[in-house]
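Work through the exercises below with the structure open beside you, and try each task before you read its solution.

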Amino acid sequence: MNYARFLTAVSAARKPSPIRMLTELQQRSPPSLISLAAGAPNPNTFPFESATIKVKNGPDVSFDQVSMKRALQYSASSGIPELLTWMKNLQKSLHDPPTASYSPERGQMDLCVTTGSQEGLCKVFEMLVNPGDDVLLDSPTYPGTLAALQPLGCNIINVPSDQHGMIPAALKEVLSHWDPSDARRPKLLYTIPNGGNPTGASMTEQRKREVYELASLYDMLIIEDDPYYFLQFDKPRAPTFLSMDVDGRIIRTDSFSKILSSGLRMGFVTGPKPLVERVVLHVQASTMHTSTFTQLMVSQLLHSWGQDGFLQHVDGVSEFYRKQRDAMISSAHKWLTGLAKWHSPSAGMFLWMELMGVSDTRQLIMEKALEKEVLLVPGGVFMIDSDEPCSHVRAAYSLSTPEQIDLAFGRLAALIKEASGFEMNCPQK
């Protein structure tokens, strides 16, 4: 793979920070080293001394005076070593990526920590997307992706999708406008393969293989944004693009937000070493590194659990959301049959519904639904052109109780009847 051809001029021009390199060198050196190089603050001046964090299933996470000083100090931009090692072993165990045994030049699998997967996505886009580039993605899509891409001046091209995600035949049709040897062909495809936000769509293994083959033919990179990987309701979990990556063309983003804590802001970028190294250079120049404290906190937890304990935890989280999904589907059948269309998601946190007789849901949701004390997200915010009318809404089943979901859908049913001319029969509050 010629990774240089994918880089923007800004990314290609990034150089390693000599100060960051010295900091990381010092942290790998023996205690006998006397360093007069680092501009780090003296941890003896920090007001925090120790901490103990209670864990539901496992031993407490504890910081004594020594570990607290480390937790509150600068650390390596790629992540603390023990967390990186744990996560690399997890990725190899879950996905068995062919690239794990490759040389760096061929796209050897590497990994870095980011401050949430959103930071990783932004840095990947800024590494790869020039003004005027064509970027392919399934629409509707996550608004954070659009917010990161649109200011870069690229052409965002929608690839049609359905309840099973991106449609390979539609992708082939879109790509037919270019010859595989055309230097102006798209070089980047983005997708959320499991429990997509907002649609809840999950790609089948066959579709992933067909999409990967097209990416190989046109020499494109695939960004596999997979924050809901562990929230798949069917086992075994579907094979990932990373598990199929014989060329070294997959950049995968993972998140702990949905399974450990969203406030920890902990994500990971996994991909070809030459590209992950470019992401790390961007981290050096921006956030410098993800919080050392949260990295050590998570690392202690993961090491105490082990892989089996971690997977047991995420299976419990997935089961919780499966029950929430079932409650929402039950209420949808009860209240919205004949008023809306939907597909039951097999992963994630969202139900995507088309409201019958409502051409655009924006006013219905942002004004009338608020008056009835029910709030969803109008579908237009997930579209490449957010001004286009959209008859869809997104409902999240992550926070509300089944009783609250049922009450909310009753109110929504009354609003749809009113908006579409049906006789209104509003439920009691």
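**Exercise 1.** Find which residues lie nearest the centre of the largest cavity in this predicted model.

*Solution.* Begin with the lining of the largest cavity, which is made up of 18 residues. Among these, the residues nearest the centre are Asp138, Pro140, Ile192, Gly196 and Thr199. Next, look at the elements that take part: strand 6 (161–162) and strand 7 (165–166) each contribute at least two residues to this lining. Sorting the lining by class then gives 8 nonpolar, 8 polar and 2 charged residues, and the space they surround comes to about 120 Å³.

**Exercise 2.** Determine which element gives the most residues to the lining of the second largest cavity.

*Solution.* The second largest cavity, with a volume of about 50 Å³, is lined by Met87, Leu90, Gln91, Leu94, His95, Phe230, Asp254, Ser255, Phe256 and Ile259. Two or more of these residues come from each of helix 4 (81–95) and strand 10 (250–255). Of the elements, helix 4 gives the most, with 5 residues. By class, the lining divides into 6 nonpolar, 3 polar and 1 charged.

**Exercise 3.** Decide whether helix 5 is largely enclosed or largely open, and explain why.

*Solution.* Helix 5 covers residues 116–128, and its 13 residues reach 19 Å from the first C-alpha to the last, which is close to the expected 18 Å. Now apply the cut-off for a buried residue, which is under 20% relative accessible area. The buried residues of helix 5 include Gly116, Leu121, Phe125 and Leu128. Because 10 of the 13 residues are buried, helix 5 is largely enclosed by the rest of the structure.

How values were computed. Residues numbered from 1 in each chain as written. Predicted model: local features only at pLDDT ≥ 70, side-chain atom pairs only at ≥ 80, totals over all residues. Heavy atoms only, no water. Helix = DSSP H or I, 4+ residues; strand = E, 2+ residues; numbered from the N terminus. Expected span 1.5 Å × (residues − 1). Buried < 20%, exposed > 50% of the residue type's maximum accessible area, 1.4 Å probe, protein only. 1 Å grid on protein atoms, 1.4 Å probe; cavity = no way out; pocket = protein on both sides within 12 Å on 5 of 7 lines; lining within 4 Å. Points joined across faces, edges and corners; volume = space filled by probe spheres on them. Nonpolar A, V, L, I, M, F, W, Y, C, P; charged D, E, K, R; others polar.
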